[in-house]
Amino acid sequence: MEKKIRFYNVDFLRFLLAVQIVVHHQICKWAGLDDFTALVSSKFNLWSIAVEFFFILAGFFMFLGIKKETDTLDFAKKRFLRLAPLVWFLVIISAIISPVINVKFSYDGNILTIPLMHSIGFTPTSITGGTINGTIWFVSVLFWCSLFYFYIYKIFDKKYLNLIIASIIVFCYGTILNFNHFSYNIIVKNVFYFCNTGVLRGLAGLGVGYFIAMFYKSGFLQNCTKKVQAFISVIEFGLVGFFTYYLFFSPKLPGKTAMTYIICFSTLFYLFLVKQGFISRLLDNKYLAKLGQYSYSIYVMHSAVLCTILYTIFKPHLDFVQSHLALCFWGELAITIVIGILTYYFIESPVNKFITQKFLKH
């Protein structure tokens, strides 16, 4: 039996990206307060790009373990049953919470949420089903784009597949960048009448993950000399410094195009995979990696937590919040993470075990 490779540093990175998305929505008007932007000089300009990075990670792990002999329906069933139950749980929670805190919820707008067809071109916006449910567009896009890539992986030879996926990446990122004037302010909406920007983001990110997986399978940079390892460590420090600076300290975004972020993250991600640099080895820790298992629950549940806190605590006591911004910001973030962890242990993990035993064992 082939031994499964573990990337503890990437598991920890996944947790950091989930937290980054929570922070981004803490300053969005629908779920948070603009006042929080006073806490850092960067005004949280770059935090929403974590979604792009999640797609890249998902693409890598899908193509790393992909097998052509796997039946397409089996792949779809396994992926659907992994992603959908927690989304359904969020819909139920949002149906209960939304009337209480007086935010939008639509029963008919959530019909397409059941088969994970939300925000893939058939709904006008990501919040068609309600204020709280807007963030689950990512799950729908991840499922259907993964299924698309799995299918073309099965039917095309590698010599054609590389060109096809490269063309998809160029088209999708090119369309997104032109739509947003080459800046990073991406809204999940339909362009060209039916093509959803969320789908374009998913196709592009998963495609980048494909090529990273191909590089990894080739063994590139996986056995380096001490001098090369030292050079890689310098690159890692530079890239971590790049993201730290623009996440926390710079009021401006880097470069003339948002592709700068994709290229820098993809490089850092690959260096984490090969574990030849100081930072990638330092973070390759199973105790830090444990946080990564909570990332999906944190992501799915964070919108419900943020909206509840916003409309029941922050808005009724706005003067107190504005006087204690740091306390409220970090307190809200901590509560969101804790709720995500509890959701993992009481909902996600037990449901996954039940589904595996009843539906996925052959």
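Reader: Which residues does Thr135 touch, not counting residues up to four places away in sequence?
Author: In this predicted model, Thr135 is found in the loop between helix H3 (72-101) and helix H4 (137-155). Thr135 has a relative accessible area of 2% and is buried. Leaving out residues up to four places away in sequence, the residues that Thr135 touches are His25, Trp30, Tyr299, His302 and Ser303.

Reader: Are H1 and H11 roughly parallel or roughly antiparallel to each other?
Author: Two packed helices are described by the angle between their axes and the distance between the axes. The axes of H1 and helix H11 (residues 295-314) are 9 Å apart, and the helices pack at an angle of about 15°. Angles under 35 degrees count as roughly parallel. H1 and H11 are therefore roughly parallel.

Reader: How many nonpolar, polar and charged residues are in the contact of H1 with H11?
Author: The crossing of these two helices, H1 and H11, is right-handed. H1 contributes Arg14, Phe15, Ala18, Ile21, Val22, His25 and Gln26 to the contact, and H11 contributes Ser295, Ile298, Tyr299, His302 and Leu306. By class, the residues of the contact of H1 with H11 are 7 nonpolar, 4 polar and 1 charged.

Reader: How are H1 and H13 oriented to each other, oblique or roughly parallel?
Author: Helix H1 (residues 8-26) and helix H13 (residues 325-360) have axes that come within 11 Å and cross at roughly 130°. H1 passes H13 in a right-handed crossing. With that angle, H1 and H13 are therefore oblique.

Reader: Which residues of H13 meet H1?
Author: From H1, the residues in this contact are Phe15, Val19, Val22, Val23 and Gln26. By class, the contact of H1 with H13 has 7 nonpolar, 2 polar and 1 charged residues. The residues on the H13 side are Phe329, Glu332, Leu333, Thr336 and Ile337.

Reader: How far apart are the end C-alpha atoms of H8?
Author: Helix H8 (residues 259-274) has 16 residues. At 1.5 Å a residue, H8 should span 22 Å. The distance between its end C-alpha atoms agrees with this, at 23 Å.

Reader: Why is H8 described as largely enclosed by the rest of the structure, and how many of its residues are buried?
Author: The buried residues of H8 include Tyr261, Cys264, Phe269 and Val274. What covers the buried residues of H8 includes H1, helix H2 (50-64), helix H5 (158-179), helix H6 (197-218), helix H7 (226-249) and helix H9 (278-282). H8 is largely enclosed because its buried residues number 12 of the 16.

Reader: Which residue follows H8, with a positive phi?
Author: The phi of the residue after H8 is near 55°. That residue is Lys275.

Reader: What is the relative accessible area of Pro254?
Author: Pro254 is found in the loop between H7 and H8. Not counting residues up to four places away in sequence, Pro254 touches Phe242, Tyr246, Thr260 and Tyr261. Buried means under 20% relative accessible area. Pro254 is therefore buried, with a value of 4%.

Reader: What distance separates the C-alpha atoms of Thr197 and Cys172?
Author: Thr197 lies in helix H6 and is buried, with a relative accessible area of 1%. Thr197 and Cys172 are 25 residues apart along the chain. Their C-alpha atoms are separated by 8.5 Å.

How values were computed
Residues are numbered from 1 along each chain as its sequence is written. This is a predicted model: local features need pLDDT of at least 70, side-chain atom pairs count only at pLDDT 80 or more; totals for chains, interfaces and linings use all residues. Side-chain values use heavy atoms; hydrogens and water are left out. Axes are lines fitted to C-alpha atoms, for helices over the stretch in contact, and angles run from 0 to 180 degrees between N-to-C directions. Helices (H or I, at least four residues) and strands (E, at least two) are DSSP runs, numbered from the N terminus. Angles under 35 degrees count as roughly parallel, over 145 as roughly antiparallel, 65 to 115 as roughly perpendicular and the rest as oblique. A crossing is left-handed if the near helix is turned anticlockwise from the far one by less than a right angle, and right-handed if clockwise. Contact means heavy atoms within 4.5 Å. Ala, Val, Leu, Ile, Met, Phe, Trp, Tyr, Cys and Pro count as nonpolar, Asp, Glu, Lys and Arg as charged, and the others, Gly among them, as polar. The expected span of a helix is 1.5 Å times one less than its number of residues. Buried means under 20% relative accessible area, exposed over 50%, partly exposed in between (1.4 Å probe, protein chains only).
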